[in-house]
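Let's take a friendly walk through a protein model. Have a look at the sequence and the structure first, then read on.

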Amino acid sequence: MTDTPAYVPPKVWTWNKENGGQFASINRPIAGPTHDKELPVGKHPFQLYSLATPNGVKVTVMLEELLALGHKGAEYDAWLIKIGNGDQFGSGFVDINPNSKIPALMDRSGPEPIRVFESGSILFYLAEKFGAFLPKDIKARTEAMSWLFWQMGSAPYLGGGFGHFYAYAPFKIEYAIDRFAMEVKRQLDVLDRRLADNEYLAGKEYTIADMAVWPWYGALAKGLVYGAGEFLSVQDYRNVQRWTDQIAQRPAVKRGRMVNRVSGDPASQLHERHDASDFDTKTQDKIAPAT
């Protein structure tokens with residue numbers, strides 16, 4: 001049933017070695033900064049410090065959607081945080097997000113800067129500030145918020161649970177993979193049933209709930225994360241597939257996916273974003289030859 005010898009936990013756990021796996025070098029049981037490093041500040045009202053993980057994509061999609069609606073106050077600078085290098089443990093970043101996770105946002109549009117951390121909180125903050133992508137009707141608004149919180153509670157089982165043990169752990173543990181594969185398939189079924197009778201998660205309206213769920217479960221539905229599409233039979237969730245494709249065609253979503261991306265097709269990578277024109281002039285396929 002297992003590929004590893006029996007493990008007996010000690011009475012008191014101590015951190016005396018790296019736990020192995022792809023992210024072992026940045027895992028530690030304490031918070032706070034590891035080094036002094038100020039964060040750069042650009043010219044726009046919003047300063048985003050992030051990476052194009054699913055959580056990072058949520059926010060860049062939201063900002064691009066706001067700009068597409070004509071909200072000029074949503075202009076932003078997106079600075080790259082290389083989590084594999086430990087940038088999230090710099091003192092400047094920890095000042096914005098004491099949890100040392102991307103994304104982190106500073107709103108400098110008012111008399112005093114406001115920090116916002118946790119991707120769901122950022123989406124809600126921006127929706128409230130601009131009055132967009134969150135329904136006014138109490139029933140639809142509550143539905144959107146329920147699905148937003150569903151994503152925040154469910155995705156750790158997908159990423160830190162299934163993704164870690166299936167793709168990143170130093171060795172395969174059958175029990176752990178089976179446990180989290182079962183949960184992820186249940187989550188996909190939850191989404192599929194909801195989307196069978198609703199165009200979007202909150203109903204007829206595209207909201208921050210879709211922006212939160214799509215980067216995680218849309219990528220999973222297309223087999224783009226963990227190399228697990230076939231393993232999880234993602235093609236069977238037809239309503240999720242329809243919803244995923246529909247959102248992927250939105251121009252703002254296409255732009256948002258590119259921001260702070262450091263992998264894949266160089267034409268899809270915009271390491272930093274400081275102006276709308278950067279999508280045409282500063283993707284990696286255009287600047288890499290010069291560097």
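How much of the chain over residues 47-134 is helix, and how much is strand? Over this stretch the chain is 38% helix and 19% strand, with the end C-alpha atoms 22 Å apart. The unreviewed UniProt entry lists residues 47-134 as "domain: GST N-terminal", and such annotations may be inferred rather than shown by experiment.

This is a predicted model, in which local features need pLDDT of at least 70 and side-chain atom pairs count only at pLDDT 80 or more, while totals for chains, interfaces and linings use all residues. Residues are numbered from 1 along each chain, and side-chain values use heavy atoms, leaving out hydrogens and water.

**Nonpolar cores**

A nonpolar core is a set of buried Ala, Val, Leu, Ile, Met, Phe, Trp, Tyr and Cys residues joined through side-chain atoms within 4.5 Å; buried means under 20% relative accessible area (1.4 Å probe, protein chains only).

| Core | Residues in core | Some members |
|---|---|---|
| Largest core | 68 residues | Met 62, Phe 162, Trp 243 |
| Another core | 10 residues | Trp 79, Ile 81, Phe 93 |

Ile 208 touches several residues (heavy atoms within 4.5 Å), including Met 62, Leu 123 and Met 145.

**Two packed helices**

Helix H3 (residues 119-130) and helix H4 (residues 138-168) pack at about 155°, with axes 10 Å apart. H3 and H4 are therefore roughly antiparallel (angles over 145 degrees). Leu 123 and Phe 124 of H3 are among the contact residues, as are Met 145 and Leu 148 of H4.

Conventions: Helices (H or I, at least four residues) and strands (E, at least two) are DSSP runs, numbered from the N terminus. Buried means under 20% relative accessible area, exposed over 50%, partly exposed in between (1.4 Å probe, protein chains only). Axes are lines fitted to C-alpha atoms, for helices over the stretch in contact, and angles run from 0 to 180 degrees between N-to-C directions. Angles under 35 degrees count as roughly parallel, over 145 as roughly antiparallel, 65 to 115 as roughly perpendicular and the rest as oblique. Lists of a residue's contacts leave out its neighbours within four places in sequence.
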